[in-house]
Amino acid sequence: MTQMTMIQALNSAMDVMLGRDPDVLVFGEDVGYFGGVFRATEGLQKKHGVTRCFDTPIGESGIVGVAIGMGAYGLRPVVEIQFADYIYPAYDQLVSEAARLRYRSAGDFTAPITVRAPYGGGIFGGQTHSQSPEALFTHVAGLATVIPSTPYDAKGLLISAIESDDPVIFLEPKRVYNGPFDGHHERPVKSWAGHPAAEVPDGHYTIPLGQAAIVRAGAAVTVLAYGAMVHVALAAAEEAGVDAEIIDLRTLVPVDIAAVEASVKKTGRCVIVHEATRTSGFGAELSALVQERCFYHLEAPIQRVAGWDTPYPHAFEWDYFPGPARIAAALTRVLEA
Amino acid sequence: MSEQPRLSLYIPQPWRRPGDPPDFSNLRPPAAGEADRPPIDVDASDIRDLAYGLIRVLDNTAAASGAWNPKLDPEQLRIGLRTMMTTRALDDRMYRAQRQGKITFYAKSAGEEAIAAGQALALRPGDMGFPTYRQQGLLIARGYPLRRMIDQVYSDRRDPMRGRQLPCLYSSRAHDFFTVSGNLGTQYSQAVGWAMASAYRGDDKIAAAWIGDGATAESDFHEALTFASVYRAPVILNIVNNQWAISSFQGFAGGERTTFAARAIGYGLPALRVDGNDLLAVYAATAWAAERARANLGATVIELFTYRAESHSTSDDPTRYRPVDEAKAWPLGDPIVRLKGHLVALGEWSEEQHKALAAELDGEVRMAQREAEAEGSFAQAEPAVKAEAMFTDVYAEIPWHLAEQAKAMEGEAS
């Protein structure tokens with residue numbers, strides 16, 4: 001066990017997989033010699049060689065297209081899209097190709113690729129470095145979408161993603177790369193030091209895709225969250241004094257419906273939290289699932305807490321970001337109903 | 001200020017439209033045998049003229065000449081001819097089947113058969129092809145059964161694609177034929193990635209990709225050339241310039257100002273521009289590029305200059321956008337007629353043999369079609385069979401939500 005930040009845990013996952021499997025390659029913009037703009041691939045080229053971890057041209061569609069071709073050959077490429085906001089040029093390759101190869105070729109060709117991308121706000125990145133595009137991928141049949149919230153989960157989930165025979169969109173909440181940010185931007189920055197989920201095994205371990213985690217047990221209301229919002233929801237529940245059961249979904253597709261259903265049937269109330277814009281966000285899907293499966297157990301309308309339906313505004317970061325106050329208000333509403 | 005002309009927007013127009021007589025007088029193809037054949041380790045910057053010329057081996061008298069003459073033995077030429085004729089026989093029957101309402105869609109490769117047939121001869125087993133829907137000749141050349149192709153086109157119960165794909169979008173790993181996409185251009189960077197993987201593994205296999213003139217405008221084309229150049233990927237990047245993208249002439253892909261082969265120059269890649277209706281030239285250029293790739297010298301771009309002799313697909317009528325007889329007027333002729341003429345001139349083929357082969361292939365296609373039609377449509381299969389075919393292979397394992405939906409569909413259908 002070693003104390004790791006999420007960045008270090010992701011680096012360790014790729015290091016472990018490069019060491020175990022010669023078919024694993026890691027590449028992307030600034031990923032090789034420099035080690036990535038967020039340092040997630042630091043040292044990997046030096047340790048494993050330039051053909052295992054290398055830089056690419058600035059061409060996201062090319063990066064993903066090349067990865068698909070490598071996957072068809074039999075390799076397991078892990079590519080980094082520098083910011084999730086830059087993933088759109090690769091959307092055709094992801095949606096029409098990676099997600100469809102197995103189906104359209106009846107299993108003849110597959111794309112066992114992992115696409116890592118830092119996502120989300122809270123770093124004053126403006127609208128092109130802050131977006132949460134997960135719903136664009138959860139809507140696509142054939143893709144798995146995974147979002148960790150802690151160093152321990154990040155490593156175990158990334159190894160599972162690399163070992164998966166399906167294409168996996170692996171979105172990394174960049175605001176919690178270096179500490180469990182709880183939305184209180186006005187307070188001193190928290191680091192991962194001392195956090196129980198920052199104790200990370202050095203070797204190989206996996207966290208299965210499709211399994212949620214109950215990060216706080218409670219009886220009054222179920223909170224469904226993922227990524228940075230897990231930590232914000234935890235803070236909100238503590239500050240509001242609400243006995244919330246907080247579920248970190250970890251995998252969005254396929255979602256752990258059993259965990260969601262069991263919790264909502266127990267609490268009878270549900271608040272869904274994400275940073276992405278509200279309309280047609282993944283929260284809409286979650287809300288529909290809960291309504292379809294738990295309607296007769298619900299004591300109150302489901303509440304959604306989300307980013308506003310605007311581009312991510314640079315100067316108004318904290319007016320946009322769904323912080324603890326917005327979540328606490330939703331908890332209060334759902335309990336008073 | 002007053003003397004400055006006002007700006008005007010230019011919209012390209014083809015030189016002829018329906019009602020006009022066909023006119024290819026602006027095309028002045030160089031004589032066969034003229035082009036130089038450089039060594040494979042040539043610097044791309046030293047052969048820029050080949051991107052603007054036209055490599056031709058067969059002349060109008062069916063004689064072969066020049067440094068690019070591959071001097072194939074007659075048996076190989078007959079194999080190439082057979083592949084082209086099988087492609088055409090299959091295309092003709094399937095086009096008719098669509099007109100009879102038996103299938104939903106079809107795309108022929110009439111006039112372009114020498115490309116897949118000639119290139120297949122120059123590639124080795126194990127070299128992966130990333131084709132478009134007009135390289136069905138690759139499958140035929142590699143021995144994929146006609147019956148399986150027709151099963152796919154009919155979406156019948158033996159369809160290897162299990163009823164999931166539009167007709168003509170074949171796939172067969174066993175025949176080194178990558179699953180064809182309906183989205184244009186995506187296969188180009190995938191082929192580069194496949195080639196990079198082969199190089200990474202120290203393998204001896206190369207990749208070949210095909211794209212149409214129209215789709216060279218897609219960003220994937222340019223990203224693929226960038227990656228191929230940067231990583232010196234062992235890949236052959238073919239541009240099939242058949243001059244028409246559905247109803248849009250090649251001017252809308254930038255073909256008025258330069259050649260498609262010349263796109264390679266900006267990426268530092270060698271480019272060959274080839275008479276695509278000349279199987280010998282197609283073979284020779286591909287063999288050169290393949291040898292170069294296998295020698296670790298990187299990618300080559302080949303423009304195969306041809307003419308789409310018929311419609312884009314069963315869904316359009318070319319007499320609505322180009323002169324009716326334009327295909328007949330195409331100066332570089334028909335690839336089957338040209339190779340046949342060459343073989344006859346060599347004394348290795350005859351009119352009688354040609355007629356007999358055409359009849360034999362037509363019979364083979366009809367037989368395979370009859371068998372496929374007897375198989376029955378997948379769409380009429382039992383609900384459980386359909387549900388299994390529809391819901392598997394979306395993911396490696398069926399997740400809970402798809403299992404629920406499969407059950408729901410099965411319930412609806414029974």
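The model is predicted, so local features need pLDDT of at least 70 and side-chain atom pairs count only at pLDDT 80 or more, while totals for chains, interfaces and linings use all residues. Residues are numbered from 1 along each chain as its sequence is written, with chains lettered from A and ligands numbered from 1 in the order in which they are written.

**Stop 1: chain B against chain A.** Select the contact, which takes 37 residues from chain B and 35 residues from chain A (residues are in contact if their C-beta atoms, placed from the backbone, lie within 7 Å). On the chain B side, colour helix H5 (186-200), helix H6 (219-230) and helix H12 (400-413), the elements that give two or more residues. Helices here are DSSP runs of H or I with at least four residues, strands are E runs of at least two, and both are numbered from the N terminus. H5(B) gives the largest share of that side, 11 residues.

**Stop 2: two domains of chain A.** Next, select domain 1 (2-200) and domain 2 (213-336) of chain A, with bounds from an automatic or database domain assignment. Their centres, taken over C-alpha atoms, are 25 Å apart. Their contact takes 30 residues from domain 1 and 29 residues from domain 2.

**Stop 3: the sheet.** Now show the open sheet of 7 strands in chain A, ordered E3-E2-E4-E5-E7-E6-E12 with mixed pairing (strands pair if DSSP finds at least two bridges between them). Strand E3 (53-55) and strand E12 (251-253) of chain A are at the edges with a single partner strand each, so one side of each has no neighbour in the sheet. Finish on E4 (residues 76-80) and E5 (residues 114-119) of chain A, which run parallel and are joined by 3 bridges. Here A:Glu80 stands opposite A:Arg116 in E5(A).

Key. Contact = placed C-beta atoms within 7 Å.
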